[in-house]
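Please read it with the structure open beside the text.

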Amino acid sequence: MVDADVRFMQGFYHPPRSTHYMEQLLREIQWREETIRLWGKEYLQPRLSAWYGDAGRRYAYSGVMLHPFPWTETLLQIREDVESASGCRFNSVLLNLYRDENDSVGWHSDAEAELGDMPVIASVSLGATRRFRLRHKARKELKPVVIDLTDGSLLLMAGKTQACWQHAIHKQARTCGPRINLTFRNIVQ
């Protein structure tokens, strides 16, 4: 990809480990449906989410200010695996629960100031496969990139990716089960 550093690994976790983590996170995470502000209006976010991390590592997007819950043992184990594979350190994680095919996230970049100039985002997917779409912000002649985020996969976005590209997961017509996405981040204060 032009102006990006994106790496994808299928099978970062395999069943039964991916299934075990999915079940653990469904039970232990304090899921919330946040109200977000877009274009001056408030909407219920079309998915559930939760913010975990080191004390004081707040994160804000779309008019929502998140204060971290303390790490769970499950999240600490997944973070250790992701840090080992990526060579990066992370102090927080945003979890999203896509309950079915109707849950989504619109076009955006993870480019908030608290993530720094060139953030590294490590994304672990558990559960149903969903289609991850990327499009260049300025170069409309570039064809969009599509990656199927499969159960147990790891996607790493680094370098200029957030500055130059947007990404989304759209609603889909085909029925699907739940998916949990963990996006590990490093909040800089």
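**Notes on the sheets, the pocket and some local features**

1. R130 stands opposite L149 in strand 11, and this pair belongs to the five bridges that join strand 10 (residues 130-136) to strand 11 (residues 145-149), the two strands running antiparallel.

2. The model is a predicted one, in which local features need pLDDT of at least 70 and side-chain atom pairs count only at pLDDT 80 or more, whereas totals for chains, interfaces and linings use all residues. Residues are numbered from 1 along each chain as its sequence is written, and side-chain values use heavy atoms, with hydrogens and water left out.

3. Strand 10 also pairs with strand 13 (165-169), here through four bridges and again in the antiparallel sense, with R133 standing opposite A168. These strands belong to an open sheet of four, in the order 8-13-10-11, with antiparallel pairing. Strand 8 and strand 11 stand at the edges with a single partner strand each, so one side of each is left without a neighbour in the sheet. Neighbouring strands of this sheet are turned by 15 degrees against each other on average, direction ignored; axes are lines fitted to C-alpha atoms, for helices over the stretch in contact, and angles run from 0 to 180 degrees between N-to-C directions.

4. The two faces of strand 10 deserve a look in turn: R130, F132, L134 and H136 make up a covered face, while R131, R133 and R135 make up an uncovered one. On the covered face, F132 is buried, with a relative accessible area of 6%, where buried means under 20% relative accessible area, exposed over 50% and partly exposed in between, using a 1.4 Å probe and protein chains only.

5. Which residue is the bridge partner of F132 in strand 11? The partner is I147. Leaving aside neighbours within four places in sequence, F132 is in contact (heavy atoms within 4.5 Å) with V145, V146, I147, L149, L155, M157, H167, A168 and I169. By C-alpha positions, F132 and V82 are 19 Å apart in space and 50 residues apart in sequence.

6. A second open sheet should be read separately: six strands form it in the order 1-12-9-14-7-4, with antiparallel pairing. Its edge strands are strand 1 (5-9) and strand 4 (48-53), each of which pairs on one side only. Neighbouring strands of this sheet are turned by 15 degrees against each other on average, direction ignored.

7. Within this sheet, strand 14 (residues 179-185) is joined to strand 9 (residues 121-127) by six antiparallel bridges, and strand 7 pairs with strand 14 in the antiparallel sense over seven bridges. R179 in strand 14 has G127 opposite and also Y98 opposite, while N181 of strand 14 stands opposite S125.

8. Is strand 14 mostly covered or uncovered? Strand 14 is mostly covered, with seven of its seven residues buried: R179, N181, T183 and R185 on one side and I180, L182 and F184 on the other. Helix 2 (residues 73-86) lies across strand 4, strand 7 (92-98), strand 9, strand 12 (154-158) and strand 14, and runs at about 60 degrees to strand 14.

9. The largest pocket holds about 530 Å³ of space and is lined by 31 residues, among which R47, V105, G106, H108 and D110 lie nearest its centre. Several strands, including strand 8 (105-108), strand 9, strand 13 and strand 14, each supply at least two residues of its lining. A pocket here is an open set of points on a 1 Å grid over the protein atoms alone, where a 1.4 Å probe fits, with protein on both sides within 12 Å along at least five of seven lines, and lining residues have an atom within 4 Å of a point.

10. The peptide bond from P15 to P16 is cis, with omega near 10 degrees, and P16 is found in the loop between strand 1 and helix 1 (17-28). D3, in the segment before strand 1, has a positive phi of about 60 degrees although it is not a glycine, and at 24% relative accessibility D3 counts as partly exposed.

Definitions and conventions: Pairing = 2+ DSSP bridges. Points joined across faces, edges and corners; volume = space filled by probe spheres on them.
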